[in-house]
Amino acid sequence: MLLVDVHCHLTDKQINAKEVVERAKKAGVKVIITNGTNYEDNLKVLELSKQFDIVKPALGLYPLDAVGLSFENGELIKGSVDVEKVLKQIELGKPIAIGEVGIDFKWSRDYDNEQIEVFQKIIKLAEKMNKPLIVHSRNAEKECIDLLENTKTKVVMHCFGGNKKLVKRCIDNKFYFSIPPIINKLMHFHMVTELCPLSKLLTETDSPWLSPYQDKLNEPAFVLECLKEISNIKKITIEECSNQIFKNFNDLF
Ligand SMILES: [Zn+2]
């Protein structure tokens with residue numbers, strides 16, 4: 001089978017990349033797009049993509065990192081960030097996509113405009129580079145769509161949490177949705193999968209986060225769980241589903 005994970009974080013400290021990539025290969029994963037979240041993380045992403053043939057780099061600037069926010073001992077701290085330096089790095093790094101990027105209003109509403117400004121710059125860069133955007137839109141789904149609606153760049157909505165109306169807006173704009181394995185627990189992703197045409201669906205894990213299993217970290221091999229659910233919803237075999245999603249991946253990237 002041809003499996004693909006378009007969004008994960010193999011650079012995370014909790015992950016043993018070598019073991020995880022081996023298990024992914026055994027499961028039939030042909031491509032893993034590991035996503036960067038800031039300058040240092042992007043460097044590690046590039047390193048991993050050189051080390052493992054199936055790992056492809058997406059370089060990005062996570063919405064919190066984009067305004068210098070980080071968590072220290074569970075507390076949100078405001079530091080500084082050199083956005084231009086990261087944009088240059090993204091451009092020179094020749095990534096397969098630009099991600100993880102977007103807007104996140106969950107943790108603070110004090111930097112909304114700043115987040116939006118940086119995201120606008122990133123969208124412009126994606127247009128210039130003609131690369132797809134992998135978008136994080138937590139609690140800011142409408143704002144993200146508003147900004148992306150007029151872009152010619154291809155868009156992947158990762159783990160999209162918006163309501164039916166917003167899902168339909170994404171579909172009207174020909175955005176892709178990447179569906180995580182936690183679809184086995186969250187009916188929300190059933191709704192997204194039902195509404196979205198099969199030709200616009202992708203599979204992701206967001207590993208090590210959002211594990212479909214209570215006792216295990218998430219990893220790219222688990223995209224098989226997404227395929228099981230998507231094929232059920234779309235009433236096709238797992239093989240047909242994986243072939244179509246792999247085709248979608250090739251169309252997009
Ligand atoms: Zn992510």
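Modeller: A donor is an N, O or S atom within 2.8 Å of the metal (3.2 Å for Na, K and Ca); water is not among the atoms, so sites may look incomplete. The donor residues of the zinc ion are spaced H-x1-H-x90-E-x105-D in sequence. This is a predicted model, in which local features need pLDDT of at least 70, side-chain atom pairs count only at pLDDT 80 or more, and totals for chains, interfaces and linings use all residues. Residues are numbered from 1 along each chain as its sequence is written, and side-chain values use heavy atoms, with hydrogens and water left out.

Colleague: Which residues coordinate the zinc ion?

Modeller: His7 (NE2), His9 (NE2), Glu100 (OE) and Asp206 (OD) do, at 2.1 to 2.3 Å.

Colleague: Why is the site of the zinc ion called irregular?

Modeller: Four donors count as tetrahedral if all angles lie between 85 and 135 degrees; four count as square planar and six as octahedral if opposite donors are over 155 degrees apart and all others between 65 and 115; anything else is irregular. The angles among the four donor atoms here are 86 to 177°, and the site is therefore irregular.

Colleague: What makes Asp206 buried?

Modeller: Buried means under 20% relative accessible area, exposed over 50%, and partly exposed in between (1.4 Å probe, protein chains only). Asp206 has 9%, so it is buried. Asp206 lies in the loop between strand 10 and helix 8, and its phi is near 60°, a positive value in a residue other than glycine. Helices (H or I, at least four residues) and strands (E, at least two) are DSSP runs numbered from the N terminus.

Colleague: Why does Cys159 count as buried?

Modeller: Its relative accessibility is 18%, so Cys159 falls on the buried side of the cut-off. Cys159 also has a positive phi, of about 45°, although it is not a glycine.

Colleague: Why are helix 8 and helix 9 called roughly perpendicular?

Modeller: Angles under 35 degrees count as roughly parallel, over 145 as roughly antiparallel, 65 to 115 as roughly perpendicular and the rest as oblique. Axes are lines fitted to C-alpha atoms, for helices over the stretch in contact (heavy atoms within 4.5 Å), with angles from 0 to 180 degrees between N-to-C directions. The two axes come within 9 Å and cross at roughly 105°; helix 8 and helix 9 are therefore roughly perpendicular to each other.
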